[in-house]
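Hi,

Here is the structure I said I'd pass on.

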Amino acid sequence: MRQWKKLLLASVLLLSALLLLGSVRQPAEPHLLPAEEYRLISPLTYRYLLSPPGPCRDSSPFLVLLVPVAPQQAAARRAVRGTWGAPRVGTLTLFFSGIPAEGLQSPQQRALEEESAQHADIIQMDFMDSYQNLTIKTLMMMGWLGAHCPGAPYAMKVDSDIFLNIFHLLRRLRTAPRAGFITGSVISDGRPRRDPSSKWFLSERLFPEERFPPYVSGAAYVFSSDMAPRISWASRFVRPIPLEDVYVGLCLRLLGVRPVYSLSLPLFRNLFQLQKLQYDRCSFSRIIIVNGFQPAELLSSSSALLSSSSGWRCPAVN
Ligand SMILES: *[C@@H]1O[C@H](CO)[C@@H](O)[C@H](O)[C@H]1NC(C)=O
């Protein structure tokens with residue numbers, strides 16, 4: 001009988017130890033992705049087709065602007081080069097592209113090569129350029145930055161249809177952290193869309209969780225450049241999903257890095273505006289980004305902002 005009691009006690013102890021272990025391990029230990037799954041998103045899988053020789057070889061810029069573009073978006077690139085992406089001391093602007101849907105023998109590809117020869121600011125890899133492949137493109141940008149420009153303190157991923165007040169951003173970055181830093185419009189209540197007709201549809205099989213961790217909207221975000229190799233490293237553990245900004249958020253969670261909101265003082269306005277705003281000199285002079293600009297609008301509002309910069313007379317706070 002005593003033997004039996006001992007056995008019972010031992011199994012109860014063993015059981016609770018197992019349960020305890022289980023609960024400690026709850027925030028699932030990261031597992032390396034299966035090789036074939038990681039291969040899909042790893043930049044090592046793909047080849048550089050266009051890669052201008054060493055933009056950071058001689059000196060590191062303060063801020064690298066990484067702009068994802070589709071191959072045929074020549075007008076958008078022209079607008080960016082003519083506005084916030086124009087060559088200036090301390091910044092470097094680079095465009096990242098995949099292969100046009102029409103293939104490598106197409107006129108679209110030839111035009112891209114000609115543009116690249118003229119401007120030396122286009123980096124192209126041999127994956128199909130598509131909306132679903134933006135996660136690959138983001139990891140390509142992170143890989144490129146880590147390998148070619150590790151000495152730049154900051155980088156920004158910014159879409160070509162964004163109004164960017166580069167002066168205000170550079171001012172803000174003077175006092176920003178130099179490591180473990182990522183900022184933008186933080187989305188902390190995101191959930192997967194389960195409706196298959198949605199542009200952002202995510203199946204339960206691909207992403208079983210009910211919520212997204214906090215992430216920065218993919219339209220534009222700024223980070224200390226140490227984050228590039230860290231995100232590349234984390235991507236070995238995080239299952240690819242086609243939502244590139246959520247994907248970066250999943251990598252951040254694994255790294256234990258919290259994205260931070262960018263707010264103006266004293267009124268706590270969001271400096272990364274996700275909705276489209278009408279151009280207004282005074283409010284745009286105090287903001288970092290505004291979303292949703294066609295190339296022509298970008299050119300006209302940016303030149304308006306620049307030409308008025310000498311004598312800004314705006315209400316003290318708005
Ligand atoms: C993504 O790129 C890969 C590599 O080029 C290609 O095989 C795949 O079809 C692309 N996916 C989509 C949805 O375009």
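Around the ligand sit Phe127, Met128, Ser130, Gln132 and Asn133 (C-beta, placed from the backbone, within 6 Å of it). That shell has 2 nonpolar, 3 polar and no charged residues; Ala, Val, Leu, Ile, Met, Phe, Trp, Tyr, Cys and Pro count as nonpolar, Asp, Glu, Lys and Arg as charged, and the others, Gly among them, as polar.

Before going on: this is a predicted model, with local features needing pLDDT of at least 70 and side-chain atom pairs counting only at pLDDT 80 or more, while totals for chains, interfaces and linings use all residues. Numbering starts from 1 along each chain as its sequence is written.

Now the sheet. It is open, with 8 strands in the order β1-β4-β3-β2-β5-β8-β7-β9 and mixed pairing (pairing takes at least two DSSP bridges; strands are DSSP runs of E, at least two residues, and helices of H or I, at least four, numbered from the N terminus). β1 (48–50) and β9 (260–261) are the edge strands, each pairing on one side only. β2 (residues 63–68) and β3 (residues 91–99) run parallel, joined by 6 bridges. Leucine 66 has leucine 94 in β3 as its bridge partner.

Then there's helix α6 (residues 166–173), whose buried residues are Ile166, Leu169 and Leu173 (buried: 20 or more other C-beta atoms within 10 Å of its own, C-beta atoms being placed from the backbone). They lie on the same side of α6, because they cover an arc of only 60° around the axis, taken from the directions from the helix axis to the C-beta atoms.

Cheers

Conventions:
Buried ≥ 20, exposed ≤ 12 C-beta atoms within 10 Å, placed from the backbone.
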